[in-house]
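Biologist: I would like to learn how to read a model like this one. Please take me through it feature by feature.

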Protein chains: 2
Amino acid sequence: MKLKNLVGERFKERPADCVIDSHALMIRGGYIKYVANGIYSLYPVMKRITRKIENIIREEMDAIDGQEVLFPVALPGSLWEESGRFESVGDELLRFKDRNDSQMVLGMTHEEASVHLVREYGQTYTKYPFMIYQIQTKFRDEARPRAGLIRVREFTMKDAYSFHTSQENLEKYYDLCYHSYHRIFQRCGIPEVIAVSSDSGMMGGSTSHEYMLLTDAGEDSIVICEACDYRANMEAAANVVDNSMSLAEADLEKVYTPHCKTIEDVVNYLDGPLECSCKAVVYQKNSNDDYVIVFLRGDYEVNETKLTNYLGENIHPAEITEESGIVPGFIGPHNLCNGHTVLYDISLKGIENLVCGANEEDYHYKGLNLSRDCSDVKFVDISKIKTGGICPCCGKKTIQVKRGIEVGNIFQLGTKYTKAMNMTYTDADGSVKNPIMGCYGIGVGRLAASVCEAKHDINGPVWPVSIAPWQVHLCCMRIDQEPCKTAADSLYHQLLSAGVEVIYDDRDVRAGAMFADADLLGVPVRVIIGPKNLKNNQAELVTRDKTITKLIGIDHAVDEIQSVINELFAELSRQVSPQVHPLDEEN
Amino acid sequence: MKLKNLVGERFKERPADCVIDSHALMIRGGYIKYVANGIYSLYPVMKRITRKIENIIREEMDAIDGQEVLFPVALPGSLWEESGRFESVGDELLRFKDRNDSQMVLGMTHEEASVHLVREYGQTYTKYPFMIYQIQTKFRDEARPRAGLIRVREFTMKDAYSFHTSQENLEKYYDLCYHSYHRIFQRCGIPEVIAVSSDSGMMGGSTSHEYMLLTDAGEDSIVICEACDYRANMEAAANVVDNSMSLAEADLEKVYTPHCKTIEDVVNYLDGPLECSCKAVVYQKNSNDDYVIVFLRGDYEVNETKLTNYLGENIHPAEITEESGIVPGFIGPHNLCNGHTVLYDISLKGIENLVCGANEEDYHYKGLNLSRDCSDVKFVDISKIKTGGICPCCGKKTIQVKRGIEVGNIFQLGTKYTKAMNMTYTDADGSVKNPIMGCYGIGVGRLAASVCEAKHDINGPVWPVSIAPWQVHLCCMRIDQEPCKTAADSLYHQLLSAGVEVIYDDRDVRAGAMFADADLLGVPVRVIIGPKNLKNNQAELVTRDKTITKLIGIDHAVDEIQSVINELFAELSRQVSPQVHPLDEEN
């Protein structure tokens, strides 16, 4: 199509409210338009990109025997009551009433809907395994949408659900899907995405992985071992702490520590190492506001996901009342008031000489030895691992904590949903069982934004050829000069006839404005027809990433352009892992 | 794929709650599953069909320079407040609050969102005309969902919005789209769809058309002239009445009519023709409950859409109180109490001798002459035309009223939305104007169901090859016999390699069960491999509509099958009008 007809505005100034580059470029390039907090409309350029991504995802899902279905966006609340999530999920589940006062929700994920769809179909073991997926709008009422399409409230998602009769079969399929996800990201031009072990959160189940694009713009913390293959997200990463180097045992001694409210104040005042201090962080349970006091080494932070999983219920930062008996700023394990849940993080294990609060205004203890001075001390892992920490896998001090964007996730769900929603099948031996499920998600818009985040320069996105809105951006430099116009018009029509996706800029504007627009659209192959080269019967071809710059003959321009496009595709393909065959070769 | 792996159940019994065939067949064939009132999930078979329909629509929209975009499903209420529809639209607009108590709505149509998207883009006349469209989920909280996918609450819709700088330009584009819509229905296999003039309803604007599939299962009434091209839906059809044959003028006379409550009772009792009676229908305005009394000829019905349009406000059937002074069952124009809105339908015009109520219990008048006996009588068209009525176009008594399903609609919106939402552009002469809009909708699921309604037999749908879930249904009659299995497996793989969409039934089941399933899937070409024909190295080929039945040689089966598929496509193409070029040949 012609650029002058393309709906969407492009402009130069970076919008002030854009914290990450991809967001700024997508606003500046006429890709997306803000409608409400975390809600965007997509302009034609962006829709072209997301359709290509959707088709790649669809091909990969079909290749592992996925069957495309469509679930509703608006679901009856009763389905979510069956699974128990109507109660357990927070405000991100949007609940509303319809005109008949029936309880409804907007689908934020479709485990319930998928079980509902196949509950009757899957009544005998012969129907298994099978996988269904959809590409559909989701709504998740996020408290803090951010960064353009990275964290939104409404988004298009591919979500897949597999059903199995054994854990072993689920695991085989899970591996297949794990591999298929890598292919999807590779085909979209970001082979650098890594899979990390993750916490299953509200989805339930045990094993799960997140696919992470490492970038400082990401909002997730990822734990990577530089010595072995260990990769996990912060929520799931075990913390291993070596306290063998800590101070020698000493007597317990109460010391006056005026104006020392934080653990850093105290160790500074007492001139001890932070690694031999014990700090307290206090929470309250959401259910009944009971206090939960967490003790951990002064230089570690609480991992609230691990804490929530350990407690089996949700918590919030405490508001400490006088009646609680807790003395804020001076909380310690020894002589602590009774009646509260007290937890000791593994970072304290093995230290025989700790500084800690004395549960009395302006006093701390020195020389605390937990096993000597406190009873019932049991250590649990509820802290965050740090860069330089010990790898839980290989044991070396090679942990790096990096930032990343989660571009996909896969879960082994087990029977959480099938059991709750009473989906059963009759096995070969006549016994009645609940099927075992897996689920697999990719956010389409977030994936597009992530590719932009990974592949851009200061002037705009550098789209991989597989998902670029067009393959060729044709610029006519002097549309007011007949030879230029004739040559460019002719090449445009030749490219269209050859089935090349081409955007044609035949506006009468300055070269600077023309190239700025082309940079913002990020089309991989740019072809420029200008008076100077045209005298030699040539046009200029430049790839968006500048790796290829050459003059091509006008007479065989289409062939030359197509061979560059083919080369870009071939280059991308070299990064894609071979396809793995589905479980059942018969299928 | 193999039929045994296809997710979805098929069964024989017609569900009791299905009032139309397409609904019953889609439930029986494993196409759709009921989730909640007017809300369905789509099984893989149905998703394959709707994807093909969506692609046909997309191709036709792109061919008239449409640019695909995506609007949100969840919209801020403020956008609908801008247009005034937040107030004016009834309960079918689902309103809800998000977690921050912001007012939101679920998009049931996207005029507001489209103006929002292009309000900045379209600021100068040089950007016009342009058209944007989306294929997206809509939610309309219908009071009475019915008939499977025919009238639902959640549905996938293609909605398009065009923007113009002159009414003339809009009309040119409207014609283009009018034509394009016919192509869509032709390509989907229902060339019999007709366009009828329609009432614009809540959309605003003047000219509009609905595309109707005529079928007794439809819920709309369509007015068709058998002598000329006149087609309109009931709401929009002008009623023309010829009263030249009515009784001669007579004196006004009050008569005792005990127990005569309806106009039929009265004319029976007085032995007069129903065509010379005047009946009353009473409504109340929604805004203030004021009464509206409509007088019309005894044998006509009120057209409430025309009445609402005439009044410019919504109405409901009246509850008549004693204080109103209205005497139910005996209401007439003469000596009627004051203070109410009184309207005379054109069906009364020219009758000089009417029977009507006397506004007194158990009394009627005979010989009423409206122009003689009543003051301020003005006739308006607020009645429904009837079969056998006079065509408003050619004047012949050739009107037929038929039932139909609305499969699409197109509207000339004018500046209703651009004015309300303050979208302006600067014209060539520097003046600032509101763009003129058109909008164009097609419900994807309803279209699929309509095709099924139009093309089915007692055993299942007969899908047109263009939207059929697969092209070929391959049946292996004796999978337990090695030669059959080998031949069928081989043909299956050959067809897949040749790019033919094939569903393969290699189950060990009876022929009856196999064919019943095949009928329910409605795939156009069926190929049956059985022991008898295989002895002659042959297979049987039967089209779903039985027009082709023949034996084909196994050795060149793929070629023969492909040529039948090609013939089916060619047959369909012969029903498709040629493509018309877009407005601007330059584009």
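Modeller: Begin with an inventory of chain A, which holds 15 helices and 31 strands. Keep in mind that this is a predicted model. The C-alpha trace of chain A spans about 95 × 65 × 50 Å along its principal axes.

Biologist: How many residues does chain A have, and what percentage of them count as buried?

Modeller: Chain A has 587 residues, and 48% of them count as buried. Sequence separation is another thing to read. Among the contacts in chain A with a separation of 6 or more, 72% join residues 24 or more positions apart.

Biologist: Into which domains is chain A divided?

Modeller: A domain can be written as several segments. In chain A, domain 1 takes 13-69 + 108-219 + 401-454, domain 2 takes 253-380 and domain 3 takes 470-573. The centres of domain 2 and domain 3 of chain A, taken over C-alpha atoms, are separated by 66 Å.

Biologist: What rotation superposes chain A on chain B?

Modeller: To relate two copies, look at the angle and at the shift along the axis. Here a rotation of 180 degrees with 0.0 Å of shift along its axis superposes chain A on chain B, with an RMSD of 0.1 Å. That is the relation of a two-fold axis. Phe96(A) is the residue of chain A that comes closest to the rotation axis, with its C-alpha at 3.1 Å.

Biologist: Why do the copies meet through the same surface?

Modeller: Compare the two lists of interface residues. Of the interface residues of chain A, 100% are also interface residues in chain B, so the copies meet through the same surface.

Biologist: Is H5(A) mostly covered or mostly uncovered?

Modeller: Count the buried residues in the helix. In H5(A), eight of its eight residues are buried, and the helix is mostly covered. Among them are Glu111(A), Glu112(A) and His116(A).

Biologist: Which residues of helix H13 of chain B are buried?

Modeller: In H13(B), residues 511-521, they are Met514(B), Asp517(B), Ala518(B), Asp519(B), Leu520(B) and Leu521(B). What covers them includes helix H1 (21-28), helix H2 (44-63) and strand E29 (525-529) of chain B. Just after H13(B), Gly522(B) has a positive phi of about 65 degrees.

Biologist: In which sense do strands E29 and E30 of chain A pair?

Modeller: Follow the bridges. Strand E29 (residues 525-529) and strand E30 (residues 538-543) of chain A pair in the antiparallel sense over four bridges, and Val525(A) has Thr543(A) as its bridge partner. E30(A) also pairs with strand E31 (residues 549-553) of chain A, in the antiparallel sense over five bridges. There, Val542(A) is partnered by Thr549(A). E30(A) and E31(A) form a hairpin with five residues between them, and Lys546(A) in the turn has a positive phi of about 70 degrees.

Biologist: Where does Gly408(B) lie, then?

Modeller: Gly408(B) is in strand E21 (residues 399-414) of chain B. A burial count reaches the buried class at 20 or more other C-beta atoms within 10 Å; Gly408(B) has 26 and is therefore buried. Leaving out residues up to four places away in sequence, Gly408(B) touches Tyr181(B), Tyr211(B), Gly441(B) and Ile442(B).

Conventions: Residues numbered from 1 in each chain as written. Chains lettered and ligands numbered in written order. Predicted model: local features only at pLDDT ≥ 70, side-chain atom pairs only at ≥ 80, totals over all residues. Helix = DSSP H or I, 4+ residues; strand = E, 2+ residues; numbered from the N terminus. Buried ≥ 20, exposed ≤ 12 C-beta atoms within 10 Å, placed from the backbone. Contact = placed C-beta atoms within 7 Å. Domains from an automatic or database assignment. Least-squares fit on C-alpha atoms with pLDDT ≥ 70 in both. Pairing = 2+ DSSP bridges.
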